[in-house]
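Visitor: I'm new to this one and would like to learn how to read it. Could you walk me through it?

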Amino acid sequence: MFARCSIGAPRSLRYASNPPSLRARARYNSTAENPKETPDVPRSRLSKRGLFVAAWTALVVVGGWQVYRYNRKSDAFVAYTLVSKEPVSSTASIFHLEPKETSSNFELYKDAWRRGIWNVHFKQPQLQIVRAYTPLPPVDESTGREKDELRFLIRKDPHGEVSSYLHRLPIGAAIEMRGPNLEYELTPDVRQVVFFAGGTGIAPALQVAHALFEGNKSEGDNKGLKKLHILWANRMREDSQGGVSDAPPEEAVPPKPTWSGLFSRPKAKVLAPRVSHDKGLIVKELDALKQKYPGQVTVEYFVNAEDTWIDEDAVFRALARFDDKAFSAGTASTPSEQKQILISGPPGFISYLAGPKEWRNGREEQGSVSRILAHAISKNPHHVKVWKI
């Protein structure tokens, strides 16, 4: 009992010596004796500071909400309607899609077309899986102006869950789509591009053409310096029906030693493919590009069934199209940014030309440049940037 009293005594004595009424009167008297130190001054300062903090907080919240809404546009699935399908070959078609409702997402797509290579995600609702598909540039054949639609070159893969699902859809069906997802940005410094396309990899090549010539319209004086050479390889001729290759530049292939024929068999002569008057849809678009930009867009066609391949000589000829005279020494960009080599197609196609991509820490990275492309660059050195799509 004595211990409890000794511990509690100071607290009770402190309050007993200074009762509440006296303590309140003391605070009142001290305030009255110092009239200059009124409580209004610190309160006004606190109120101004509070208003300032509140204003900045509101700005941050509003700005964050706008950024969130912008990001949500590309993260959310949007319903599109399949309005038509145009067969390109027995295994591939061009899908035409239009938005079901007016959506601000299409403004994001227009911006992506001007920036470089991008894709969107299609969802297979039954299996709840998504796959990336690259849209073709906007073209209105009647007026040449952009339309509020998206076009996709899609090949039917018997083992592909999403591609098989898309090819089974009837006209008028709804397709859920999310994007855009930027894969590769073509900077305004780029002047010349050599693009190796395998199969449906021609879609990114057409995107590059759109971004290269239409993306930076303010650079009117530099447009004539920009060049694009496309090498398009397919298994069958039907995918590139009617396509005729442009002539290679003179003296493009390095001379071989005179003794090389003694130790190697001569290659069998390949008959020139028959030129068809019926041209495929993608070939027509490539021809339209060449007509719109004469001398700036060139195309070579390769067909496995006709025993034409993108071999080392073809790669060397493509590198010879780089024109060093087209570059200005006064620009801030490096030569490797001005001259670029892009590769798009199946993994085997990319690996055959420049070596495979590599997985590191759970992410797919570019990997080193090797094989045919590396050997050709070593024989015809160029400061060039290589990118595998």
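Guide: Happy to. Two strands count as paired if DSSP finds at least two bridges between them. Helices (H or I, at least four residues) and strands (E, at least two) are DSSP runs, numbered from the N terminus. A word on the source: this is a predicted model, where local features need pLDDT of at least 70, side-chain atom pairs count only at pLDDT 80 or more, and totals for chains, interfaces and linings use all residues. Residues are numbered from 1 along each chain as its sequence is written, and side-chain values use heavy atoms, with hydrogens and water left out.

Visitor: Over how many bridges do β3 and β4 pair, and in which sense?

Guide: In general, strands of a sheet pair through backbone hydrogen bonds, either parallel or antiparallel. Here β3 (residues 116-124) and β4 are antiparallel, with five bridges. Look for H121, which stands opposite A132 in β4.

Visitor: What is the order of the strands in the open sheet?

Guide: There are seven, in the order β4-β3-β7-β1-β2-β6-β5, and the pairing is antiparallel. At the edges sit β4 (129-133) and β5 (135-136), each pairing on one side only.

Visitor: Is β2 mostly covered or mostly open, and which strands does it pair with?

Guide: Mostly covered: of the eight residues in β2 (residues 92-99), six are buried. Buried means under 20% relative accessible area, exposed means over 50%, and partly exposed is in between (1.4 Å probe, protein chains only). β2 pairs with β1 in the antiparallel sense over seven bridges, and the two form a hairpin with four residues between them. Within that pairing, S84 has H96 of β2 as its bridge partner. β2 is also joined to β6 by six bridges, again antiparallel; there, L97 partners L150 of β6.

Visitor: Which helices pack on these strands?

Guide: Contact here means heavy atoms within 4.5 Å. Axes are lines fitted to C-alpha atoms, for helices over the stretch in contact, and angles run from 0 to 180 degrees between N-to-C directions. Helix α6 (residues 202-214) lies across β3, β5 and β6, at about 135° to β3.

Visitor: How do α6 and α7 sit relative to each other?

Guide: Two packed helices are described by the angle between their axes and the distance between the axes. The axes of α6 and α7 (residues 281-292) come within 12 Å and cross at roughly 20°. The two helices are therefore roughly parallel: angles under 35 degrees count as roughly parallel, over 145 as roughly antiparallel, 65 to 115 as roughly perpendicular and the rest as oblique. On the α6 side the contact is made by I202, L206, A209 and E214, and on the α7 side by I282, E285, L286, L289 and K292.
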